[in-house]
Amino acid sequence: MKIVLIGHGRMGRLIEQTAVAAGDEVAGVFDENNTAALEKADLKADVVMDFSSPAALSRVADYARRTSTPLLSGTTGYTPNDLEVFHRLGQLIPVLHSANYSIGIAVFRQVLEQISDVLKPDFDIEIVETHHNQKVDAPSGTAKLLLDAIDPRHQMKPVYGRQGICGKREKNEIGIHAIRGGTVAGEHTVSFFGVDEVLEITHKAGSRQIFVNGALYVARKLIHMPKGHYQLQDILFGGK
């Protein structure tokens, strides 16, 4: 598989190292300081893998559109308007954006989609995410992904942390809490608090390697998909 890699931070470098070790070819690398070079780049590749920043989205999208190259994005921090770009691109090429490429998180999300409607009427729900002290966005993209799995129609009220006298917990709240410290690669827990019982589901990432392995695994599938805007679930579980 031939890759154009955008973003050369810790994730990008690890993707490059892992891909090359597996026999893939990295045809070009663009970091956040030279994404302008994409405007004239004419590299031929099987997939564009973008782990840069939201600021690079327009150039990344233009390159994928111009070269008709499937796009896999793992960048977080996008606005709802930014995410619409992927939907429009999907009318031309295969496109996948996910905040988390861990296969375990994909299964976590699938489980939440199956059980949440049963528990929501009688259980209080809280999401807690923990990441390293260099992470710049909060809550994490993965926490938002899990929130969407629990409440896909956005009928519940997200409460981002609590402070002071904030009143009793409302029935339709979902609490979302971000913890930052040390070198934690990522930990997410969803708790369902019922009467005399608690159900908790936790995923812990030991290193970024799990995200890299998942992204490369899914990229090899994406390049054989027809045009469309895909969710990770679509590719892993055949949801589309």
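The model is predicted. The side chain of Arg 109 meets that of Glu 113 in a salt bridge, with an N to O distance of 3.4 Å. Because the two residues are four apart in helix α4, about one helical turn separates Glu 113 from Arg 109.

Gln 231 sits in the loop between β11 (228–230) and α7 (232–237). Its relative accessible area of 30% makes Gln 231 partly exposed. Between Gln 231 and Lys 168 the C-alpha to C-alpha distance is 36 Å, with 63 residues of sequence separation.

## Nonpolar surface patch

Which residues form the nonpolar patch on the surface? The patch consists of Ile 103, Val 107, Val 111, Tyr 217 and Phe 237, and together they have about 390 Å² of accessible area. Helix α4, which spans residues 103–119, gives the most to this patch, with three residues.

Val 107 is a patch member and is found in helix α4. Is Val 107 buried or partly exposed? Its relative accessibility is 39%, so Val 107 counts as partly exposed; the range for that class lies between 20% and 50%.

Strand β9 (residues 186–194) and strand β10 (residues 197–205) run antiparallel and are joined by nine bridges. Within this pairing, Thr 189 stands opposite Thr 202 of β10, and Val 190 has Ile 201 of β10 as its bridge partner. The hairpin formed by β9 and β10 has two residues between the strands, and in this hairpin Asp 196 takes a positive phi near 65 degrees.

Strand β9 is also paired with strand β6 (residues 124–131): the two run antiparallel, with seven bridges between them. Here the bridge partner of Asp 124 is Phe 193 in β9.

Ser 191 is found in strand β9. With 6% relative accessibility, Ser 191 counts as buried. Its side chain makes a polar contact of 2.9 Å with the side chain of Glu 200. Not counting residues up to four places away in sequence, Ser 191 touches Asp 124, Ile 125, Glu 126, Leu 199 and Glu 200. In a regular strand, side chains alternate between the two faces of the sheet.

## Salt bridges

How many salt bridges does the model contain? The count comes to 12. One of them joins Arg 220 to Asp 24, with the closest N and O atoms 2.3 Å apart. Arg 220 lies in helix α6 (residues 209–222) and Asp 24 in the loop between α1 (10–21) and β2 (25–30), so this pair ties together parts that are 196 residues apart in sequence. Arg 220 is partly exposed at 32% relative accessibility, while Asp 24 is buried, with a relative accessible area of 10%.

A salt bridge is also found between Asp 124 and Arg 169, where the closest N and O atoms are 3.4 Å apart. Because Asp 124 lies in strand β6 and Arg 169 in the loop between β7 (157–160) and β8 (173–180), the pair ties together parts that are 45 residues apart in sequence. Asp 124 counts as partly exposed at 28% relative accessibility, and Arg 169 is partly exposed with a relative accessible area of 28%. Salt bridges with shared partners join Asp 124, Glu 126, Arg 162, Arg 169 and Glu 173 into one network.

## Arg 59 in helix α2

Arg 59 is found in helix α2, which covers residues 57–67. Its relative accessible area is 32%, so Arg 59 is partly exposed. Which residues does Arg 59 touch, not counting those up to four places away in sequence? They are Thr 35, Ala 36, Leu 38 and Glu 39. From Arg 59 to Leu 38 the C-alpha to C-alpha distance is 6.5 Å, and the two residues are 21 apart in sequence.

Terms used. Residues numbered from 1 in each chain as written. Predicted model: local features only at pLDDT ≥ 70, side-chain atom pairs only at ≥ 80, totals over all residues. Heavy atoms only, no water. Patch = residues over 30% accessible without salt bridge, like charges linked within 9 Å, V, L, I, M, F, W, Y side chains within 5 Å. Areas by Shrake-Rupley, 256 points an atom, 1.4 Å probe, with all protein chains shown as cover. Salt bridge = Lys/Arg side-chain N within 4 Å of Asp/Glu carboxyl O. Buried < 20%, exposed > 50% of the residue type's maximum accessible area, 1.4 Å probe, protein only. Contact = heavy atoms within 4.5 Å. Pairing = 2+ DSSP bridges. Polar contact = N/O pair within 3.5 Å; in protein donor to acceptor, adjacent residues only side chain to side chain.
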